[in-house]
Amino acid sequence: MAILILAGVALLADWLDAPLPAVAGAGRVSDGDSFRLGDERVRLLGLDAPELNQHCATVDDPRWPCGRVARDRLASLLAGGPVDCQPDGHDRYQRLLARCQVNGLDLGATLVGEGWAIAAGDYGTEQAAARVARRGIWAGGFDKPADWRDDHPRPSPFLSWFGL
(Lines give C-alpha, C1' and ligand atoms only; values in the text may rest on other atoms or scores of the structure.)
Protein backbone atom coordinates (compact mmCIF):
# COMPACT_ATOMS: atom_id res chain seq x y z
CA MET A 1 0.00 0.00 0.00
CA ALA A 2 2.85 2.39 0.85
CA ILE A 3 4.39 1.78 -2.58
CA LEU A 4 1.11 2.68 -4.30
CA ILE A 5 0.83 5.89 -2.28
CA LEU A 6 4.42 6.87 -3.07
CA ALA A 7 3.87 6.11 -6.75
CA GLY A 8 0.73 8.27 -6.72
CA VAL A 9 2.58 11.13 -5.04
CA ALA A 10 5.40 10.85 -7.61
CA LEU A 11 2.91 10.95 -10.50
CA LEU A 12 1.15 13.97 -8.99
CA ALA A 13 4.48 15.81 -8.52
CA ASP A 14 5.43 15.02 -12.13
CA TRP A 15 2.08 16.33 -13.36
CA LEU A 16 2.39 19.55 -11.30
CA ASP A 17 5.94 20.19 -12.56
CA ALA A 18 5.08 19.58 -16.22
CA PRO A 19 5.68 22.67 -18.38
CA LEU A 20 2.62 24.49 -19.57
CA PRO A 21 1.85 23.91 -23.24
CA ALA A 22 2.90 26.58 -25.70
CA VAL A 23 0.23 29.02 -26.82
CA ALA A 24 0.04 30.81 -30.14
CA GLY A 25 -2.22 33.03 -32.17
CA ALA A 26 -2.98 36.62 -33.04
CA GLY A 27 -2.14 38.99 -30.19
CA ARG A 28 -4.18 42.05 -29.19
CA VAL A 29 -2.20 44.60 -27.20
CA SER A 30 -3.26 45.72 -23.71
CA ASP A 31 -0.26 47.80 -22.66
CA GLY A 32 3.50 47.84 -23.15
CA ASP A 33 4.12 44.40 -21.67
CA SER A 34 0.84 42.52 -21.89
CA PHE A 35 -1.65 41.40 -24.50
CA ARG A 36 -4.39 38.89 -25.22
CA LEU A 37 -4.23 35.67 -27.18
CA GLY A 38 -7.90 34.83 -27.62
CA ASP A 39 -9.36 34.85 -24.12
CA GLU A 40 -5.96 34.35 -22.48
CA ARG A 41 -4.25 37.39 -20.91
CA VAL A 42 -0.46 37.21 -21.37
CA ARG A 43 2.24 39.15 -19.46
CA LEU A 44 5.74 39.13 -20.93
CA LEU A 45 8.39 37.76 -18.58
CA GLY A 46 11.68 39.43 -17.79
CA LEU A 47 10.70 43.06 -18.35
CA ASP A 48 8.51 45.87 -17.08
CA ALA A 49 7.16 48.54 -19.44
CA PRO A 50 5.85 51.97 -18.45
CA GLU A 51 2.22 51.92 -17.40
CA LEU A 52 -0.32 52.98 -20.00
CA ASN A 53 -0.98 56.36 -18.33
CA GLN A 54 2.64 56.95 -17.35
CA HIS A 55 4.56 59.94 -18.70
CA CYS A 56 8.31 60.38 -19.09
CA ALA A 57 10.46 63.47 -19.62
CA THR A 58 13.00 64.67 -22.14
CA VAL A 59 14.66 68.05 -22.65
CA ASP A 60 12.26 68.75 -25.54
CA ASP A 61 9.12 67.41 -23.88
CA PRO A 62 8.87 67.29 -20.10
CA ARG A 63 5.72 65.17 -20.25
CA TRP A 64 5.47 62.69 -23.13
CA PRO A 65 3.20 59.62 -22.95
CA CYS A 66 5.88 56.90 -22.79
CA GLY A 67 3.34 54.30 -21.60
CA ARG A 68 1.23 54.77 -24.72
CA VAL A 69 4.30 54.76 -26.96
CA ALA A 70 5.44 51.46 -25.37
CA ARG A 71 1.95 50.02 -25.95
CA ASP A 72 1.96 51.17 -29.56
CA ARG A 73 5.37 49.57 -30.16
CA LEU A 74 4.17 46.23 -28.76
CA ALA A 75 1.06 46.53 -30.97
CA SER A 76 3.25 46.99 -34.04
CA LEU A 77 5.33 43.94 -33.09
CA LEU A 78 2.19 41.85 -32.57
CA ALA A 79 0.94 42.92 -36.00
CA GLY A 80 3.96 41.20 -37.55
CA GLY A 81 2.36 37.77 -37.46
CA PRO A 82 1.24 35.00 -35.13
CA VAL A 83 2.62 35.15 -31.60
CA ASP A 84 4.29 32.03 -30.18
CA CYS A 85 4.57 31.94 -26.38
CA GLN A 86 6.21 29.56 -23.94
CA PRO A 87 4.33 29.95 -20.65
CA ASP A 88 5.99 29.88 -17.25
CA GLY A 89 3.10 30.09 -14.79
CA HIS A 90 0.60 32.77 -13.85
CA ASP A 91 0.86 36.04 -11.93
CA ARG A 92 -1.39 37.25 -9.12
CA TYR A 93 -3.81 38.68 -11.70
CA GLN A 94 -4.09 35.24 -13.37
CA ARG A 95 -2.26 36.43 -16.46
CA LEU A 96 -0.15 33.84 -18.23
CA LEU A 97 3.54 34.69 -17.73
CA ALA A 98 5.44 33.88 -20.90
CA ARG A 99 8.34 34.51 -23.19
CA CYS A 100 6.98 35.21 -26.65
CA GLN A 101 8.14 35.60 -30.23
CA VAL A 102 6.75 36.84 -33.51
CA ASN A 103 8.48 35.35 -36.56
CA GLY A 104 11.42 34.32 -34.35
CA LEU A 105 11.80 37.84 -32.88
CA ASP A 106 11.88 37.80 -29.05
CA LEU A 107 9.34 40.43 -27.99
CA GLY A 108 10.99 41.05 -24.61
CA ALA A 109 14.48 41.48 -26.03
CA THR A 110 13.13 43.86 -28.67
CA LEU A 111 11.13 46.04 -26.26
CA VAL A 112 14.00 46.31 -23.76
CA GLY A 113 16.62 46.76 -26.49
CA GLU A 114 14.65 49.60 -28.07
CA GLY A 115 14.20 51.25 -24.67
CA TRP A 116 10.43 50.71 -24.31
CA ALA A 117 10.75 48.56 -21.18
CA ILE A 118 13.26 47.95 -18.40
CA ALA A 119 14.85 44.62 -17.65
CA ALA A 120 13.25 42.75 -14.75
CA GLY A 121 15.24 39.56 -14.34
CA ASP A 122 16.20 39.11 -17.99
CA TYR A 123 17.48 41.22 -20.87
CA GLY A 124 20.25 43.00 -18.97
CA THR A 125 22.48 43.20 -22.04
CA GLU A 126 19.67 44.71 -24.11
CA GLN A 127 18.94 47.26 -21.38
CA ALA A 128 22.59 48.29 -21.09
CA ALA A 129 22.74 48.91 -24.86
CA ALA A 130 19.48 50.92 -24.84
CA ARG A 131 20.65 52.99 -21.88
CA VAL A 132 24.03 53.83 -23.45
CA ALA A 133 22.36 54.73 -26.77
CA ARG A 134 19.64 56.72 -24.89
CA ARG A 135 16.88 54.91 -26.76
CA GLY A 136 13.20 55.11 -25.77
CA ILE A 137 12.63 55.96 -22.12
CA TRP A 138 16.40 56.20 -21.59
CA ALA A 139 16.39 59.43 -23.65
CA GLY A 140 15.35 61.36 -20.56
CA GLY A 141 13.97 60.95 -17.09
CA PHE A 142 11.39 58.41 -16.01
CA ASP A 143 10.09 56.62 -12.96
CA LYS A 144 10.59 52.87 -12.93
CA PRO A 145 7.19 51.36 -13.75
CA ALA A 146 6.97 49.65 -10.33
CA ASP A 147 7.66 52.97 -8.57
CA TRP A 148 5.08 54.72 -10.75
CA ARG A 149 2.49 52.05 -9.85
CA ASP A 150 3.27 52.55 -6.15
CA ASP A 151 2.73 56.32 -6.51
CA HIS A 152 -0.45 55.89 -8.60
CA PRO A 153 -2.45 53.05 -7.04
CA ARG A 154 -5.54 51.91 -8.87
CA PRO A 155 -8.74 52.58 -6.99
CA SER A 156 -10.53 49.52 -5.73
CA PRO A 157 -13.37 48.55 -8.12
CA PHE A 158 -15.54 48.02 -5.03
CA LEU A 159 -14.91 51.54 -3.72
CA SER A 160 -15.29 53.17 -7.14
CA TRP A 161 -18.69 51.52 -7.47
CA PHE A 162 -19.71 53.65 -4.47
CA GLY A 163 -18.09 56.76 -5.95
CA LEU A 164 -15.20 56.73 -3.45
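This is a predicted model: local features need pLDDT of at least 70, side-chain atom pairs count only at pLDDT 80 or more; totals for chains, interfaces and linings use all residues.
The strands β3 and β4 run antiparallel and are joined by four bridges. They form a hairpin with two residues between the strands. In this hairpin, G38 takes a positive phi near 65 degrees.

Strand β4 also pairs with β7, here in the parallel sense and over three bridges. In this pairing V42 stands opposite L96, which belongs to β7.

## The chain as a whole

The chain has 164 residues, and buried residues make up 34% of them. Its secondary structure consists of six helices and nine strands.

Contacts between residues at least 6 apart in sequence can be sorted by separation: 53% of them join residues at least 24 apart. The chain exposes about 10,000 Å², and carbon and sulfur atoms supply 58% of this area.

## The largest nonpolar core

The largest nonpolar core has 30 residues. Those with the most contacts inside this core are F35, V42, L44, V83, C85, C100 and L107. At least two residues of the core come from each of β3 (34-37), β4 (40-44), α2 (66-78), β6 (83-90), β7 (96-102) and α3 (107-113). Helix α2 gives the largest share, with five residues.

Leaving aside residues up to four places away in sequence, C85 touches A22, V23, F35, L37, V42, A98, R99 and C100. Among these neighbours, F35, V42 and C100 are also listed with the most contacts inside the core. V42 has a part in the strand pairing too, where V42 stands opposite L96 in β7.

## The disulfide of C85 and C100

A disulfide is a covalent bond between the sulfur atoms of two cysteines. The structure holds two disulfides. One of them joins C85 to C100, with an S to S distance of 2.1 Å. Because C85 lies in strand β6 and C100 in strand β7, the pair ties together parts that are 15 residues apart in sequence. The torsion about this S-S bond is about 110 degrees, so the disulfide is right-handed.

Are the two cysteines C85 and C100 buried or exposed? C85 counts as buried, at 3% relative accessibility. C100 is buried as well, with a relative accessible area of 2%.

## The disulfide of C56 and C66

C56 and C66 also form a disulfide, and their sulfur atoms lie 2.1 Å apart. The link of C56 and C66 is right-handed, with 70 degrees about the S-S bond. What does this pair tie together? C56 lies in the loop between β5 (47-48) and α2, while C66 lies in helix α2, so the bond connects parts that are 10 residues apart in sequence.

C56 has a relative accessible area of 3% and is buried. C66 counts as buried at 0% relative accessibility.

Technical notes:
Residues are numbered from 1 along each chain as its sequence is written. Side-chain values use heavy atoms; hydrogens and water are left out. A nonpolar core is a set of buried Ala, Val, Leu, Ile, Met, Phe, Trp, Tyr and Cys residues joined through side-chain atoms within 4.5 Å. Buried means under 20% relative accessible area, exposed over 50%, partly exposed in between (1.4 Å probe, protein chains only). Contact means heavy atoms within 4.5 Å. Two strands pair if DSSP finds at least two bridges between them. Accessible areas come from the Shrake-Rupley method with a 1.4 Å probe; for residues, only the protein chains shown count as cover. A disulfide is a pair of cysteine sulfur atoms within 2.5 Å.
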